[in-house]
Amino acid sequence: MESKLKSADFLPDIPVKELIRSAMEARKKAYAPYSGYMVGAAVLTNELRIYTGCNIENASYTPAICAERTAIAKAVSEGWRKLKAIAVVGGKKGDVLSQYAFPCGVCRQVFREFADEQFAVIVAKSESDYKIFSLSELLPESFGPENLK
């Protein structure tokens with residue numbers, strides 16, 4: 001999937017490299033003893049606060065939580081409910097990041113709850129090798145809170 005967007009299409013106040021760096025640090029804290037696939041995420045609120053998260057696995061699998069939702073839960077639990085961007089990195093434990101780690105469908109729907117369709121989703125291998133997508137590219141024709149009004 002190739003993004004149609006460039007960094008310049010997003011507001012200049014999104015610190016892309018800082019978000020990627022924060023996601024890479026969060027990845028180091030992942031608890032992934034079963035899959036070995038470690039993910040880190042860093043979400044940026046509209047107020048330019050950064051919250052990080054890592055994936056947390058569980059022996060019974062379904063209680064596991066993705067890094068993206070961990071970061072969002074931390075932001076929301078601190079009172080921040082409007083999100084601007086997220087950076088996501090992931091790969092096997094010990095491996096150099098060699099692929100882009102895209103958010104799962106559940107995470108994309110959670111983004112939609114707290115962000116508009118121009119929410120920036122940054123998938124990265126490094127601070128210089130990344131792609132940026134809008135939420136509307138990754139979750140077209142989405143269902144959100146306004147559909148319930």
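The side chain of T70 reaches the backbone oxygen of C54 at 3.2 Å, a polar contact in the sense of a pair of N or O atoms within 3.5 Å, where within protein one must be able to donate a hydrogen and the other to accept it, and residues adjacent in sequence count only if both atoms are side-chain atoms. The model is predicted, with local features requiring pLDDT of at least 70 and side-chain atom pairs pLDDT 80 or more, while totals for chains, interfaces and linings use all residues. Residues are numbered from 1 along each chain as its sequence is written, and side-chain values use heavy atoms, with hydrogens and water left out.

T70 is found in helix α2; helices (H or I, at least four residues) and strands (E, at least two) are DSSP runs numbered from the N terminus. Not counting residues up to four places away in sequence, T70 touches G53, C54, I56 and I65, where contact means heavy atoms within 4.5 Å.

Accessibility is classed as buried under 20% relative accessible area, exposed over 50% and partly exposed in between (1.4 Å probe, protein chains only).

| Residue | Relative accessibility | Class |
|---|---|---|
| T70 | 14% | buried |
| Y34 | 41% | partly exposed |
| Y61 | 59% | exposed |
| E117 | 38% | partly exposed |

Rings of Phe, Tyr and Trp (its six-membered ring) pair if their centres lie within 6.5 Å; planes under 30 degrees apart count as stacked, over 60 as edge-to-face and the rest as tilted. The count by this rule is three aromatic pairs. Y34 and Y61 form an edge-to-face pair, with 6.1 Å centre to centre and 70° between the planes. This pair links distant parts of the chain, 27 residues apart: Y34 lies in the loop between α1 (16–27) and β1 (37–45), and Y61 in the loop between β2 (50–54) and α2 (67–77).

Another ring, that of Y100, has the charged end of K125 over it, 4.7 Å from the ring centre. The criterion is NZ of Lys or CZ of Arg within 6 Å of the ring centre and within 35 degrees of the ring normal.

In helix α3 (residues 105–114), C107, R108, F111, R112 and F114 are buried. The buried residues of α3 pack against α2, β3 (83–92), β4 (120–124) and α4 (135–138).

E117 is placed in the loop between α3 and β4. Leaving aside neighbours within four places in sequence, E117 is in contact with R112, S134, L135, S136 and S142.
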